[in-house]
Each structure stands twice: as structure tokens, then as C-alpha cells.
Amino acid sequence: MIRSAAVLAAAGLMSACALLSSPDPIQMYRFGVAAQALPADPIASPVQVTLRRVEFPESARGDRLLGITGTEAAYIGGARWVSPAADLYSESLEVAFAGQARRVRLIGPRELTRGDSSLDIDVRTFETRYDSPGGVPSVVIAARTRLMALPERTVEAERTFTVVQPARANTISAIVEAYDLASRDLNGQIVAWTDQAAGN
């Protein structure tokens, strides 16, 4: 009787282990974090520009990589951002301004200083786009950017930027690389545009 009970207990334990088997591992990634060179010959009294909270579409603001094929959307399995994409992008934008801006000093959300203008960025597209299932995708990032005068909050300048960065292959590492390149390209354009718009 004791032997039978032991056999049943062992079988039950093995069954429980099968139900609790480890899920497939998830690799963590980030983008836009490479150090930028200090700007050459920044002006002595830069325009102070406050960065407002960057807006992201709900489907892409979290830690999952969004994939789009035609009208179908799904998250890419086996990969996550180390932080929400909206936070990683804001961090990368601040790094870009610190290293590239010449006429503007960007005031991040954690600073209490008030700027002469505010920079509003609404990221409307942040996705991995496939032309066909299983094909090599492109990363697409589109952002509407507005420079607002303070305290009136009147629009001084406005522009929409779109970057399309093809991935080298349909692999997670190649897709993450494309996000990194696309975000740096977008940030460089936004920094140059803000430098010019705020300096006028």
C-alpha cells in the first residue's frame, strides 16, 4: 500500500513539473544609448527648451516589439525592451540633444528649470512593418513635433518626421539594430530642426 502511494505521489509530482515547465527565454534589448560627442562651438547663451512628456501609441509604448503585416498586428515573440519603449526613446532623445545641439539646451522632465519654449513630440508610429509574412521587415518611426512658445503655448514651428529603416534580416537582433538606427536618425533630424527653429 505504501509503495503504491509513493508511486502515485511521484507520478503526480512529475505531472506537476510538466505543467510548470519553464517558458521560452525572453531576451531583453534597448536602443539609442550610444554616447554622443560633445557639440562643437555651442553658443554661450542657448535657448532653453523644455521637453514635455513624449507621447507614444498605446500599442507600442510598453516593452513589447510591435509587428505589422498588412492589417494584422502581433507582438514579436522572444524579445522585450528593458524599459517601456516610450522611456527608452525619451532617454535617447535627451542624449542626442546633449551631444548634437548647438543653439538649444534641452530641459528634461526631471529638471525643475522652466524653458523659453517647450518641445512636444507625439510619436504616432513605432513598429516593425512586414510587406509579406516572413519577409525582411523595416522599422518605421513617425513623429509629429511642435515647438511651443511659453507661457502662451502658441505654436512657433511644427513638422512631422518619418524614418524607414530596413532590417538586415528577419531576426530579432537585426530588427533591434534597425530600431537603434532609426531612432538615432529621427533624433538627429529633430535636434537639427529644433536648433534652427528655436534659434530664429
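Which helix does A96 lie in? Keep in mind that what you're looking at is a predicted model. A96 sits in α2, and with a relative accessibility of 2% it counts as buried, because the cut-off for that is under 20%. Now look across from A96 to Q189: these two are 93 residues apart along the chain, yet their C-alpha atoms are separated by 10.0 Å.

From there, let's turn to the nonpolar core. The largest one has 46 residues, and L119 and F126 are the ones with the most contacts inside it. Several elements give two or more residues to this core: the helices α2 (85-100) and α3 (172-199), along with the strands β2 (47-51), β5 (79-81), β6 (104-107), β7 (117-130), β8 (138-149) and β9 (154-166). Of these, α3 gives the most, with 12 residues.

Once you set aside its neighbours within four places in sequence, L119 is in contact with a run of V49, T50, L51 and R52, then with F97 and L106.

Now for the surface. Which residues make a nonpolar patch there? I26, M28 and V82 do, and the patch covers about 240 Å². To find I26, go to the loop between α1 (2-19) and β1 (27-29). A96, by contrast, is buried at 2%.

Key. Residues are numbered from 1 along each chain as its sequence is written. This is a predicted model: local features need pLDDT of at least 70, side-chain atom pairs count only at pLDDT 80 or more; totals for chains, interfaces and linings use all residues. Side-chain values use heavy atoms; hydrogens and water are left out. Patches are made of residues with over 30% relative accessible area and no salt bridge: like charges are joined within 9 Å, nonpolar side chains (Val, Leu, Ile, Met, Phe, Trp, Tyr) within 5 Å. Accessible areas come from the Shrake-Rupley method with a 1.4 Å probe; for residues, only the protein chains shown count as cover. A salt bridge is a side-chain nitrogen of Lys or Arg within 4 Å of a carboxyl oxygen of Asp or Glu. Helices (H or I, at least four residues) and strands (E, at least two) are DSSP runs, numbered from the N terminus. A nonpolar core is a set of buried Ala, Val, Leu, Ile, Met, Phe, Trp, Tyr and Cys residues joined through side-chain atoms within 4.5 Å. Buried means under 20% relative accessible area, exposed over 50%, partly exposed in between (1.4 Å probe, protein chains only). Contact means heavy atoms within 4.5 Å.
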